[in-house]
Amino acid sequence: MFIQVIQGKVSDEAGLRRCMDRWTEELQPGAAGYLGTTCGKTDDGTFIVLARFESADAARRNSERPEQGAWWAETERCFAGPVTFMDCPDVTEWLGGGSDDAGFVQIMEGHTSDEARMRELLMQAGDQVHELRPEIVGGTLATDGSGGYVETVYFTSEAEARAHEKVEIPDDLRSLFEEEGRLMGEVSYFDLHEPMLVSARRT
């Protein structure tokens with residue numbers, strides 16, 4: 001899997017959501033290798049999009065389509081200022097990788113000194129996390145090959161997520177969390193209170 005992360009400050013949220021809806025209806029059918037999208041606006045006005053593709057080649061082919069270029073030219077006008085792109089060719093799914101039924105999504109961005117170990121810790125802790133935090137549907141860890149990462153966690157609801165934040169963590173799991181915290185370094189958090197979740201339609 002390949003994930004491209006797009007983010008910027010939104011100036012026209014309604015227009016941007018219309019553009020996202022139009023992409024799903026009109027452009028998605030021709031996007032070979034497209035798997036799905038997670039996107040939404042945070043409290044500070046940042047709109048963040050995680051577009052999932054089967055491979056980097058599939059994402060590149062999509063971006064080269066003329067209709068994709070025309071759509072982006074219109075969509076870009078809904079942002080105030082520059083829009084950043086982050087390409088992540090290495091993606092790990094845990095606990096099923098999330099769900100379009102999630103009611104709340106939290107995205108964490110940062111830089112790690114050991115991408116491989118972060119993946120190991122996620123996979124090692126997966127089953128225990130599900131038992132301890134049943135409101136977590138799943139998640140993904142996407143890395144760009146130079147230490148940059150984007151971790152996305154899908155929850156049944158924000159209320160459930162907040163209610164379980166203070167749960168007591170067993171000693172063996174706590175050590176994994178502490179190591180992960182050290183590897184994650186300084187983290188930027190993006191909370192999507194009303195996430196837009198789309199998976200590719202299969203024919």
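Colleague: Which residue of strand 8 stands opposite L141?
Modeller: This is a predicted model, in which local features need pLDDT of at least 70, side-chain atom pairs count only at pLDDT 80 or more, and totals for chains, interfaces and linings use all residues. Residues are numbered from 1 along each chain as its sequence is written, and side-chain values use heavy atoms, without hydrogens or water. Strands are DSSP runs of E with at least two residues, helices are runs of H or I with at least four, and both are numbered from the N terminus. In strand 8, the residue opposite L141 is E151.

Colleague: How many bridges join strand 7 to strand 8, and how many join strand 5 to strand 7?
Modeller: Two strands count as paired if DSSP finds at least two bridges between them. Strand 7 and strand 8 run antiparallel, and their bridges number seven. Strand 5 and strand 7 are also antiparallel, with T92 opposite L141, and the number of bridges joining these two strands is five.

Colleague: Which residue takes a positive phi in the hairpin of strand 7 and strand 8?
Modeller: Four residues lie between the two strands of this hairpin. The positive phi there is near 90°, and the residue that takes it is G145.

Colleague: Is strand 7 mostly covered or mostly open, and how many of its residues are buried?
Modeller: Buried means under 20% relative accessible area, exposed means over 50%, and partly exposed is in between, with a 1.4 Å probe and protein chains only. Strand 7 (residues 136–143) is mostly covered. Of its eight residues, the number buried is seven.

Colleague: Where is L95, and why does it count as partly exposed?
Modeller: L95 sits in the loop between strand 5 (90–94) and strand 6. Although not a glycine, L95 has a positive phi of about 50°. Most residues other than glycine have a negative phi. L95 counts as partly exposed because its relative accessibility is 24%.

Colleague: In what order do the five strands of the open sheet lie, and what is the average twist?
Modeller: The order is 4-1-3-2-10, with antiparallel pairing. Strand 4 and strand 10 (196–199) are the edge strands, each pairing on one side only. From one strand to the next, the twist averages 10°.

Colleague: How many bridges does strand 1 form with strand 3 and with strand 4?
Modeller: Strand 1 (residues 2–9) runs antiparallel to strand 3 (residues 46–53) and has eight bridges to it; I6 stands opposite V49 there. With strand 4 (residues 84–88) the pairing is also antiparallel, and the bridge partner of V5 is M86, while that of Q7 is T84. The bridges between strand 1 and strand 4 number five.

Colleague: Which residues does G40 touch, not counting those up to four places away in sequence?
Modeller: G40 is found in strand 2 and is buried, with a relative accessible area of 0%. Its C-alpha lies 9.5 Å from that of L50, 10 residues away in sequence. Taking contact as heavy atoms within 4.5 Å, G40 touches T46, F47, I48 and L192.

Colleague: How far apart are the end C-alpha atoms of helix 1, and why does that agree with its number of residues?
Modeller: The expected span of a helix is 1.5 Å times one less than its number of residues. Helix 1 (residues 13–27) has 15 residues, so it should span 21 Å. The distance between the end C-alpha atoms agrees with this, at 20 Å.

Colleague: Against which elements do the buried residues of helix 1 pack?
Modeller: The buried residues of helix 1 are G15, L16, C19, M20, W23, T24 and L27, whereas A14 counts as partly exposed because its relative accessibility is 45%. An α-helix has 3.6 residues a turn, so residues three or four places apart point the same way. The buried residues of helix 1 pack against strand 2, strand 3, helix 2 (56–63), helix 3 (66–76) and strand 10.

Colleague: What separates the C-alpha atoms of A14 and C78?
Modeller: A14 is found in helix 1. A14 and C78 are 64 residues apart along the chain, and their C-alpha separation is 8.7 Å.

Colleague: Which residues lie nearest the centre of the largest pocket?
Modeller: On a 1 Å grid over the protein atoms alone, a pocket is an open set of points where a 1.4 Å probe fits, with protein on both sides within 12 Å along at least five of seven lines, and lining residues have an atom within 4 Å of a point. The largest pocket is lined by 27 residues; nearest its centre lie M108, R133, I136, F177 and E180.

Conventions:
Axes are lines fitted to C-alpha atoms, for helices over the stretch in contact, and angles run from 0 to 180 degrees between N-to-C directions.
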